[in-house]
2 protein chains.
Amino acid sequence: MCAALEAATTGAQTLLLEGASGLGGVSAISGGEIYLGGGTALQKATGFEDSPEEMAKFLTAALGPFADEQRIAVYSEGSAEHFDWFVKQGVPFKPGLWDKPSWVPFTDDGLMWLGENTFPFYDLAVPAPRGHRPQTPGFAGVLLMERLIGRVANSSIDVRTNTKILRLVVDGDRVAGVVVSHFGATLTLRARRGVVLCVGGFIYNDDMLALHAPHLLGHSKIGTEGDDGRGILIAQAVGAQVKNMSGGQSALNLPVQLMIRSLLLNRHGQRFINEDTYGGLIGHAALVGGHAPIYMLLDETGFEEVPEDERLGRQPAWVSDDLGELEMEIGLAEGSLQTTVGLYNRHATTGEDPQFHKRSSFVRPLSPPYGVVDVCAHEYVPDGEGGTVLNTGFGAFTTGGLATSIDGQVIDLTGNLIPGLYAAGRTASGIQASGYISGTSLGDGTFFGRRAGRAAATSLP
Amino acid sequence: MCAALEAATTGAQTLLLEGASGLGGVSAISGGEIYLGGGTALQKATGFEDSPEEMAKFLTAALGPFADEQRIAVYSEGSAEHFDWFVKQGVPFKPGLWDKPSWVPFTDDGLMWLGENTFPFYDLAVPAPRGHRPQTPGFAGVLLMERLIGRVANSSIDVRTNTKILRLVVDGDRVAGVVVSHFGATLTLRARRGVVLCVGGFIYNDDMLALHAPHLLGHSKIGTEGDDGRGILIAQAVGAQVKNMSGGQSALNLPVQLMIRSLLLNRHGQRFINEDTYGGLIGHAALVGGHAPIYMLLDETGFEEVPEDERLGRQPAWVSDDLGELEMEIGLAEGSLQTTVGLYNRHATTGEDPQFHKRSSFVRPLSPPYGVVDVCAHEYVPDGEGGTVLNTGFGAFTTGGLATSIDGQVIDLTGNLIPGLYAAGRTASGIQASGYISGTSLGDGTFFGRRAGRAAATSLP
């Protein structure tokens, strides 16, 4: 939609083909966080200073190692304007900061932290909250998409739903159209200027996962069935290069308020990350770093500080006053929990965590009785909507995709641009490398989607 | 060479094109270990029982998670015959076991362990030594290649060196030839039956590493400049699918005898793996698992047990009687080394290591004075040949490549076989997934190379 809206402003005849029966896709069921900064109007109205440089430093560290620094620089530089563009599309943002660690705020405040104020990032970049969210409590993706859908409806864009892309049409060296399926009919459509592929990632294509990102197999899939990888494959069929195909987000599906008060332990009974950092980074470290299965150890005080409805139904699988007993019951080496908790407590008495650098405000010595949650127990847990869901511990989606220029033009196997072919969103490899921060998918998809739409609409055949 | 030798036995006119000025490639400078088993003649002559099933169990665990079980089953099943084939080519193997953990044996014994007798593998598969090495002390790759070169010279195979492949020629749906460069001249050659691409991996192509395996950038490259990825790219240009492109070996370049007596510590001062397992698995865990930089802590007894010439010049960067002092000097959290060594020593008094399962014979309590080697210090160290080399800590090569059938035929983006196109060696994705064991490159390359050569030679145009 962002690509089409931008294309339409150039006066180009714009056709938006949507495989589903309505617009919105997985963005409409997302939290709605958009990672923006560099001094947006919302940051200023909420009293935060920021700069593109500090934003770029954070993203380079948090999305890396090996994040695309050129892409991040362009994104950070254009971020404040991109926020203004959302406002112009009618997306409301309320000045105000949700200041509590969580996946999604409970209020309609427009700003939230996404790890900027946690170790090691506060040492690497001046912290500023950069999670921008449309004005609604909880999941805000639906509001964001509603407003964009409204804008598309009031534009010159010709929208055709239930229209799935099958392949690209090439005329000489140039991509000149698409073959689509519409209720069983196959149609061939000529694109006068360009085609922009924004058809999702490949988390719903298990064959592609097995080839490129097998570690994401078997976990909860974050996406829609449209994330079948077809956009990547049909572009590869005309010579496109791919990038970071093993990349992905693997979020540990954990109640943040419990997590932050816990010691997160790996399969050896050791801590492996600061428990107060952004949840997406914790899941990635747990899965890719080989730490899983993961155990969450709290004391009674920690459990009781978190209201029942913020625990997502997580109950300790093991409870004891004695860490040695817990080691035996969980199957950890004798002494492993005792040394881990002992080292943590030794420094926690002064509010310090020199080994993993959890923020002082969440550091205090743990005391018996203890409870341990079996994070990767593959149990059915409440889904927060009155039902239950199988909790494998992780929820996953892909971030790898087509290699593109910063204007969204697809790059071929020899490093040259493919005339007439553009891509954005999870069909393209974005600003993410190995790490992931919430809001960077909506952020990068909408930002580089706009650039791709404009570039495609103004390219000369 | 294996593909060509097998093709020639079918009576097919066989042309072997080599980009370098002579045959052998990186195999000739390798250790020469070939991972074979399932009851080879050499295993029997040395007194070891083995079965394809136990071999497959080990490989599935050690090369995984997500190793290709079908490919491993075929490989394990055919492994004893493949050993006999080497013997028929004139490669000598001496019955006898090198029973000491090391990268390369000092004797000419034909068998060595490659992690089969370490945790967790001894619990998952009946251990048998499966590292098969031509009869020569130290690096045996040159002997292996010499014998194969001799066989090729005495065959009907037409060998053309200094001939680099530029691209494939397609006739209809079929790969029907190659375009090559030979001293500046460009030649087009028709293949009557098939083309087998065996032109190495892409560790010498930094652009491809940045796209697919950026974590392998910047380390010592294990390969030749021929590992420029061209085989993968030219096959992709005719529609080939790739697999596991982020895969690779990242060996920690450490003296095994020191390593096995040490506690290997991560950047938090914690242990992360059993120090007696195969070195390739340690490097992978260290780099991909996010544990680096790595520290190797020994006590004086441990250092003195290892002769100077087996230390590869590694000297401790820090020495002290006091673990607290070492923590400060290295920059680790106060108490971290003390807890790690304390927990290890607590069990080591009875020869046990319940947290990481190092074999009892290498487990004893450590006592002052201690020395810590800075494994990833980026220092110049002796190269073992009288010179020096910059030690980044890791040596890397790629294992990702073309997706192929078990007969080596290249698979296209839609999952179909490409008529006339085959691949083997590091140009193809082999039995390795995320893990790596020495000998599996020579093993898989020669085994599936033979299958590809036979399939190509007998395919009908």
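Into which domains is chain A divided?

Modeller: The model is a predicted one.

Chain A is divided into three parts: domain 1 (1–19 + 157–251 + 397–461), domain 2 (33–138) and domain 3 (254–391). Between the centres of domain 1 and domain 3 of chain A, taken over C-alpha atoms, there are 39 Å. These two domains are in contact, with eight residues taken from domain 1 of chain A and eight residues from domain 3 of chain A. On the domain 1 side of that contact, three residues are nonpolar, five are polar and none is charged.

The contact between the chains comes next. Chain A contributes 29 residues to it, and chain B likewise contributes 29 residues. On the side of chain A, helix H9 (230–236) and helix H14 (336–348) each supply at least two residues.

How are the two copies placed relative to each other? In general, two copies of a chain are related by a rotation about an axis and a shift along it. Here, chain A is superposed on chain B by a rotation of 180° with 0.0 Å of shift along its axis, and the RMSD is 0.0 Å. The two copies are therefore related as by a two-fold rotation axis. The residue of chain A that comes closest to this axis is A:Gly289, whose C-alpha lies at 1.9 Å. Moreover, 100% of the interface residues of chain A are also interface residues in chain B, so the copies meet through the same surface.

A pair of packed helices is described by the angle between their axes and the distance between the axes. H14(A) packs against helix H14 (residues 336–348) of chain B at an angle of about 165°, and their axes are 10 Å apart. Because angles over 145 degrees count as roughly antiparallel, H14(A) is roughly antiparallel to H14(B). Their crossing is right-handed. From H14(A), the contact is made by A:Ser336, A:Thr339, A:Gly342 and A:Leu343, and from H14(B) by B:Ser336, B:Thr339, B:Gly342 and B:Leu343. By class, two residues of this helix contact are nonpolar, six are polar and none is charged.

H14(A) also has a partner within its own chain. Helix H13 (residues 323–330) of chain A packs with H14(A) at an angle of about 130°, with 8 Å between the axes. H13(A) is thus oblique to H14(A). Here A:Leu323, A:Gly324, A:Leu326 and A:Glu327 of H13(A) meet A:Ser336, A:Leu337, A:Gln338 and A:Val341 of H14(A). The residues of this contact are four nonpolar, three polar and one charged.

Beyond H14(A), the loop between H14 and strand S17 (370–374) of chain A holds A:Pro369. A cis peptide bond, with omega about 0°, joins A:Pro368 and A:Pro369. In chain B, B:Phe119 and B:Pro120 are joined by a cis peptide bond with omega about -5°. B:Pro120 lies in the loop between strand S4 (109–112) and helix H6 (121–124) of chain B.

For comparison, consider a pair of helices within chain B. Helix H3 (residues 52–62) and helix H4 (residues 69–77) of chain B pack at an angle of about 140°, with their axes 9 Å apart. H3(B) and H4(B) are therefore oblique to each other, and their crossing is right-handed. H3(B) brings B:Pro52, B:Met55, B:Ala56, B:Leu59 and B:Thr60 to the contact, while H4(B) brings B:Glu69, B:Ile72, B:Ala73, B:Ser76 and B:Glu77. Six nonpolar, two polar and two charged residues make up this contact.

How values were computed. Residues are numbered from 1 along each chain as its sequence is written. Chains are lettered from A and ligands numbered from 1 in the order in which they are written. This is a predicted model: local features need pLDDT of at least 70, side-chain atom pairs count only at pLDDT 80 or more; totals for chains, interfaces and linings use all residues. Two residues are in contact if their C-beta atoms, placed from the backbone, lie within 7 Å. Helices (H or I, at least four residues) and strands (E, at least two) are DSSP runs, numbered from the N terminus. Axes are lines fitted to C-alpha atoms, for helices over the stretch in contact, and angles run from 0 to 180 degrees between N-to-C directions. Angles under 35 degrees count as roughly parallel, over 145 as roughly antiparallel, 65 to 115 as roughly perpendicular and the rest as oblique. A crossing is left-handed if the near helix is turned anticlockwise from the far one by less than a right angle, and right-handed if clockwise. Ala, Val, Leu, Ile, Met, Phe, Trp, Tyr, Cys and Pro count as nonpolar, Asp, Glu, Lys and Arg as charged, and the others, Gly among them, as polar. Copies are superposed by least squares on the C-alpha atoms of residues with pLDDT of at least 70 in both. Domain bounds come from an automatic or database domain assignment.
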